[in-house]
Amino acid sequence: MFFAIKRQADLTEDTAKRQLRAYVCMETANLGFPSKNWPVASVTFKNFGQTPAYEVQSWVSIKIDSHPPSIPFAIQKPGHPSPKSTLGPGAATQFSAPLARVLTDAEMAELGTAQLTIYVYGRFTYKDTFRQDRFTHWRLIAGGPEGVTMKGRTEKGEILWALCPDVGGNESN
C-alpha cells in the first residue's frame, strides 16, 4: 500500500511539473524580400506554457548552400552571448536575420532549389520555473528537394516564403 501511495504522489508531482513549466516553441517562420534580391528571415518563438521562461537567450543565422548542406552548422554562434530576458506565459519574441549580401539575378533564379537553398538556423535556450535548462536547436529551409512554398505578400507587397523544417539539425529537450 505504501509503495502505491508513493508512486501516486510521484506521478502527481511529475504531472504538475509538466503542466506548469514553460513550453517555448517556434510559432512562425517566414522568409521575406524587403528589397530586391535581399532575403531576410523572421522567426517567432512563443511561450505556450503556464509559467515564465527565465534566462532566455537566442540567436538566429542565415546562409545559402546546396541541399544537403556542404558544411556543418554551428550549434553555438561565435562572438558575444546574447542578453538574457524573461518570456511570460503567452508572450512571443521575434528574431530577424538578413542575408549579409544582396543576391544576383542569376542566384535569385536558382534560389529555392536543391542547388541553392536558404538555411535559417539557430538556438533558443531558457530555464523553466523549476530551473531546468531547456534548449531548441533548429534548422529551417526554403528550397531543397521540396522547393519553396509561397505564403503570400505583406501589406507592403513584399513576397513571403514559408520556412520549413529541414531533415536534420532539429532537436530539443
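Mentor: The account below begins with the chain as a whole and then turns to the aromatic rings, the core and the sheet.

The model is predicted. Its protein chain contains 2 helices and 11 strands, and from the N terminus these elements follow the order α-β-β-β-β-β-α-β-β-β-β-β-β. Of the 173 residues in the protein chain, 39% count as buried. Among contacts in the protein chain with a separation of 6 or more, 72% join residues 24 or more positions apart.

Let us now turn to the rings. The structure has 9 aromatic pairs. In one of them, Phe-45 and Phe-95, the ring centres are 6.4 Å apart and the planes meet at 70 degrees; an angle over 60 counts as edge-to-face, so this pair belongs to that class. Phe-45 lies in strand E2 (residues 38–47) and Phe-95 in strand E5 (residues 92–98), so that the pair links distant parts of the chain, 50 residues apart. Phe-45 and Phe-95 are both buried.

Phe-95 also pairs with Phe-124, again edge-to-face, with 6.4 Å from centre to centre and 75 degrees between the planes. This pair too links distant parts of the chain, for Phe-124 belongs to strand E6 (residues 117–127) and lies 29 residues from Phe-95 of strand E5. Phe-124 is buried, as is Phe-95. One aromatic cluster takes in Phe-45, Phe-95 and Phe-124, together with Tyr-126 and Trp-138.

What does Phe-124 touch, apart from residues up to four places away in sequence? Its contacts include Phe-45, Phe-95 and Trp-138, which are also members of the aromatic cluster. Other residues that Phe-124 touches are Val-24, Val-56, Gln-57, Ser-58, Leu-87 and Thr-93, as well as Arg-134, Phe-135 and Thr-136.

In soluble globular proteins, nonpolar side chains tend to be buried together. The largest nonpolar core here has 28 residues, and Phe-124 is among those that touch the most other members, along with Leu-31, Ile-62, Val-120 and Leu-163. Two or more residues of this core come from each of strand E1 (24–35), E2, strand E3 (53–65), E5, E6 and strand E7 (133–142). Another core, of 5 residues, lies apart from it and includes Phe-73, Tyr-119, Tyr-121 and Ile-141.

Arg-21 lies over the face of Tyr-23, at 3.9 Å from the ring centre. Likewise, the charged end of Arg-131 is placed over the ring of Tyr-54, 4.7 Å from its centre.

E1 and E2, which run antiparallel, are joined by 9 bridges, and Ser-35 stands opposite Trp-38 in E2.

Terms used: Residues are numbered from 1 along each chain as its sequence is written. This is a predicted model: local features need pLDDT of at least 70, side-chain atom pairs count only at pLDDT 80 or more; totals for chains, interfaces and linings use all residues. Side-chain values use heavy atoms; hydrogens and water are left out. Rings of Phe, Tyr and Trp (its six-membered ring) pair if their centres lie within 6.5 Å; planes under 30 degrees apart count as stacked, over 60 as edge-to-face and the rest as tilted. Helices (H or I, at least four residues) and strands (E, at least two) are DSSP runs, numbered from the N terminus. Buried means under 20% relative accessible area, exposed over 50%, partly exposed in between (1.4 Å probe, protein chains only). A charge sits over a ring if NZ of Lys or CZ of Arg is within 6 Å of the ring centre and within 35 degrees of the ring normal. A nonpolar core is a set of buried Ala, Val, Leu, Ile, Met, Phe, Trp, Tyr and Cys residues joined through side-chain atoms within 4.5 Å. Contact means heavy atoms within 4.5 Å. Two strands pair if DSSP finds at least two bridges between them.
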